[in-house]
Amino acid sequence: METILQILARELGKSEEHIQNVITLIDEGNTIPFIARYRKELHGAMDDTALRTLADRLQYLRNLDQRRQEVCSAIENQGKLTEELSAAIASASTLAEVEDLYRPYKQKRRTRATMAREKGLEPLAQLLFDQGRDCPSPEEAAQAYIDPEKGVEDAAAALQGASDIIAEWISDDAALRKTLRELWQRKAVLVSKAASKEPEDTVYRLYYDFQIPVSRALGHQVLAVNRGEREEILKVSIDMDREAALIAVRRGVLVPGAPSMAFVRAAAEDAYDRLIAPSVERETRNALTDEANEGAIRNFGLNLKPLLMQPPVKGKVTMGLDPGYRNGCKVAVVDGTGKVLNTAVVYPTFSKAKQQEAIAVLSRLIQKHGVAHIAIGNGTASRETEQMTVELIRAVGGGVSYMIVNEAGASVYSASKLAAEEFPEYDVNLRSAVSIARRLQDPLAELVKIDPKSIGVGQYQHDMPQARLDETLSGVVEDCVNAVGVDLNTASAPLLGRVSGLTATTAKNIVKYREENGVFTSRRQVLKVPKVGPKAFEQCAGFLRVPESKSILDNTGVHPESYGAAEALLEKCGYTLTDVKAGNLGELRTRMEDQGVEALAEACGVGAPTLRDIAGELLKPGRDPRDELPRPMLRTDVMDLKDLRPGMELTGTVRNVIDFGVFVDIGVHQDGLVHISQLGGRRVRHPSEVLRVGDIVTVWVLEVDEKKKRIALTRKPPAIGEELGGIQLENLWE
């Protein structure tokens, strides 16, 4: 039997040595970001995604191993554990297979078979189920078990009890269940129908008469019918060809020509209809849902990462606008570091006069504080606010640009305890405007304050298993924060709390220490913070940046454990730390190659991957990896939905990537959909293979439905003279 180590090595395509090293590192309490960044020699340069996959699979296999032991122990305590059964349990590759093997020995509630056993009918059931050639007919065999005192009045009652026992045995057959489970997966059909005879026109209309093979059901379809069923709008079932399933059952239990074969056949059909089919249907639905959930969670993580890693618009005074109707548009002006300079509330949607008054107020704020950019939340009244902003930019004579910012979660943050602590002097609405402004300046630093589920770049996130969703999204946030690094002297507690090795408590302690003792002047000073011990320091140090430190290495991604190696590298290549500060390392990589990276790494006491990472950090001290990504699109003008025409070429920003396509902001307030069939180029299984949140793309308009405010887009450029349009919008959206 394969060991956990061998299974992981085979599944991940890595050497057993590297897998064992990662397992050891995880068991020693090292975090995934730390392992990924600073232990590359031990794991063969796996990235954080591969390491998290390994960690998840390791946990599953360990749980499986533990359950195997528990089941074996429980069966052994009953005195029924055979060598064959023990071997079968040991070779079971999933928890479902282990539970199937345990089913006959599990303590059951009182069943028809239980009552039949109490009447002494198990020997009769065994006699008939063995289907021996010399077995008497069922009616003859039943005569010996008639016992009115036990409730067996006649042969028919005895045979009914025997049939119930046989049905339970067949239902508990692990091999048969596995066969049927696989058969349902291949042949069954997911069916959805309207719950009422005259259904209303709802978002579930596509599923009022819908069916698809289970093997081809897409995740978003499964999640949609599940939600429709919970809302009692849909009735959902799994349909399976009964005769095809019964053939598999009969093949597994019948002995042709036996006197009791017909009796056992009837019991087998009863077992399938009454016990197996309902159970396998539940298992199939659960498997579909689990797979859909995992896919949706994975997709959420894929969308969340580029959203968090959007390039910041640093160092510019920014105005945040939180649109609204009744309560007006909340305004906050923040400086280049995110410090609030001014706030206001204007009412541009009340009347034309109020709009002009709002433009006047905002113009004064722009001129007073030198506002360079305006961030507009994409919620209620966003369209009107965007149109006002265009007029505002014209009124101030240009020089200002704007961007629509996803405000998902801003209201949650504004009403949180954290926001109250950060902005006690502002009401909830104004805090939201501050958050919107800061999202443009540094998306990562601001979004870490919000529950990832509230950021709004997924599907059906509230239907997901919340613990699993939280675990995955927290891992994504952690990876992003550590990939960028954190300024020890300016980072908020929520941002510090996502750093490898730090917790919410130690992050708050760092902020408190900073407030009481002034700025940190070195990384090692973190060890003076309460509850930050040597292990925590080892995990977090490389991800903390200290621009105020005398050592330039404290403002790089070089880990303190490698400072000696960094200095040795500089010396052997003819440089000093002063050259690092001055940016005079232009020939560093050339000199490394001339001496041989492997030999140089050995001389410096580190591995070659680590040495290359050290060189990269020395070449760009204090670098932000987000600066190398495409810049966000800032606009100065706006179009209207009615301005769009089929064939029109536009540039937009990807806002969300889902199973059936990509939503793109093209500057008309309403995002357009590029269906998966319209992504262009090669055929893709999922839109995330070609696009991600934040990408800048060129698209062409296919069709516009002004009534439903829907825009169909394509990435396939039209041929000369080709007319676009006539696309079935309903089909694309659903």
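Student: What makes Val-486 and Leu-544 count among the residues that Leu-496 touches?

Tutor: A contact means heavy atoms within 4.5 Å, and Leu-496 touches Val-486, Leu-488, Ala-491, Leu-502, Ala-507, Ile-510, Val-511, Arg-514 and Leu-544, leaving out residues up to four places away in sequence. This is a predicted model, where local features need pLDDT of at least 70, side-chain atom pairs count only at pLDDT 80 or more, and totals for chains, interfaces and linings use all residues. Residues are numbered from 1 along each chain as its sequence is written, and side-chain values use heavy atoms, with hydrogens and water left out.

Student: Why is the set of 132 residues called a nonpolar core?

Tutor: The name applies because such a core is a set of buried Ala, Val, Leu, Ile, Met, Phe, Trp, Tyr and Cys residues joined through side-chain atoms within 4.5 Å; buried means under 20% relative accessible area, exposed over 50%, and partly exposed in between (1.4 Å probe, protein chains only). The largest one has 132 residues, and those with the most contacts inside it include Leu-128, Tyr-272 and Leu-496. Helix H15, residues 261-308, gives the most to this core, with 17 residues. Another core of 27 residues lies apart from it, Leu-5 and Ala-92 among them.

Student: What makes H15 a helix?

Tutor: Helices are DSSP runs of H or I with at least four residues, strands are E runs of at least two, and both are numbered from the N terminus. H15 spans residues 261-308, and the protein chain has 31 helices and 15 strands.

Student: How many of the 734 residues are buried?

Tutor: Buried residues make up 49% of them.
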